[in-house]
Amino acid sequence: MELKHQAFFYSLFLSRLADQILLFLVPLVIFQLTGSVAWSGAAFLLETLPRYLSFPICGVLCDRKSPLALLHISQQLRAVACFAGMIAYAGFGGIGWLIGISVACGVLTTQGLMAREVLLPQVFHRHRFEKVASYTQIADQLGMVLGPLVAAGLLKLWSWEYVVISTTALFMAADGAMIIWQRFVRPTLAEPTPAPSGWTLPLKTALRHVIGRPALVETVLLAAAVNLIIGVTLATSAAMVTGVHGETDSYYAVLQAAGAIATVVILFATAHAPASLQVLGVISYAMIFAGGAVSGLASHAHVYALGFVLVVGFDKMFSVFIRSLRMKIIPREDLGKTTGLIIMLNNLSQPLAGLLVSVFAGRYGAGTVIVALSLFMGLLGPLVAAIWLRRTAPTVRLDQR
């Protein structure tokens, strides 16, 4: 990316670093306090469900308000939530404050992500979107590389409460970097489209796009299947590594960093590879399926690590495929509301995975749950692809004439 845009990507990196520290702490602290995989799954459900349910509302806001202003608000309020939550914990106690901070920051992260999605095509309109999406994912992944390592290192020095407070400074630094970028670039953004004050009409418009525009329903189904594996991996990884395979917290942190490093490498390849969107989608889907199966069947920590890295590493390649495809299909004036609805539908399977872990892991074991969900993903992929080809075949034949 150009020199003048570096502060923008620094902001994305710092914001993701703070988010990842929080995401690292929640399942680890919950499992250490309870010793239960089921409780880890329940905590993951409580953390992720509000985050994904808020996507449509945040999407509508991005069509009505300046995405840049919403991005600033998202980062500032996350800093406030972390600081205020720890003040409340100091006054009242209870592990619920950590989950409460995660819920609040999750919803605000959703607002920031949606604002970014609407902002990117306007700021980087001269660049190929697959490349832009890859670089934004790289900024995210660099934060994810350091997030677990920073969190694990700080936990050796401080209790988890002080680690949470440290994220306040990171969110404020992210907002400061965004302000610096704004002063250098002075971006010119399209005025938000005037819209009725109600919420029903925008959501109906978004639903009409999802159902009526080619390929969107199929991509929602494929993304939901992928996120089922991502969800079960995130919900069980702390318990699988430190419980089932008996490794240390440091091993868990290094594993998460290894997954993020693999993702950065894969995203650099995606940004510069001449492969078509369809090829990117097929490769990433197949590798995530393989990773889920390997991690569920693993009897050794290093084998589990291989499956984990495959799942986490190729998840963002699949995300580039999904994001690039919908940018080509959805009209700009409806991008926020439609993208918000799609992301919610894509990601509801993540809290569902946490619920399934909570219900079935205690009885059948986390590995069995992971394998069962991987098999479901493996069966759904070819079925959706066949439906997709059948729906697009008449168009292809017409074009050939």
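Reply: Let us begin with a general idea: side chains of opposite charge can pair when their charged atoms come close. In this predicted model, K316 and D315 make such a salt bridge through their side chains, with an N to O distance of 3.7 Å.

Me: Is K316 buried or exposed, and is D315 buried or exposed?

Reply: Burial here means a relative accessible area under 20%; K316, at 19%, therefore counts as buried, and D315 is buried as well, with a value of 14%.

Me: How many salt bridges does the structure hold?

Reply: The structure holds 5 salt bridges, and one of them joins the side chains of D140 and R16, N to O, at 3.9 Å. Because D140 belongs to helix α6 (residues 129–157) and R16 to helix α1 (residues 6–34), this pair ties together parts that are 124 residues apart in sequence. D140 is buried at 5% relative accessibility, and R16 is buried with a relative accessible area of 13%.

Me: Which residues are linked with R16 and D140 in a network of salt bridges?

Reply: R116 is linked with R16 and D140 in a network of salt bridges.

Me: Which residue forms a salt bridge with D19?

Reply: D19 pairs with R78, and their closest N and O atoms are 2.9 Å apart. The two residues link distant parts of the chain, since D19 lies in helix α1 and R78 in helix α4 (residues 67–92), 59 residues apart. D19 counts as buried at 7% relative accessibility, while R78 is buried with a relative accessible area of 2%.

Conventions: Residues are numbered from 1 along each chain as its sequence is written. This is a predicted model: local features need pLDDT of at least 70, side-chain atom pairs count only at pLDDT 80 or more; totals for chains, interfaces and linings use all residues. Side-chain values use heavy atoms; hydrogens and water are left out. A salt bridge is a side-chain nitrogen of Lys or Arg within 4 Å of a carboxyl oxygen of Asp or Glu. Helices (H or I, at least four residues) and strands (E, at least two) are DSSP runs, numbered from the N terminus. Buried means under 20% relative accessible area, exposed over 50%, partly exposed in between (1.4 Å probe, protein chains only).
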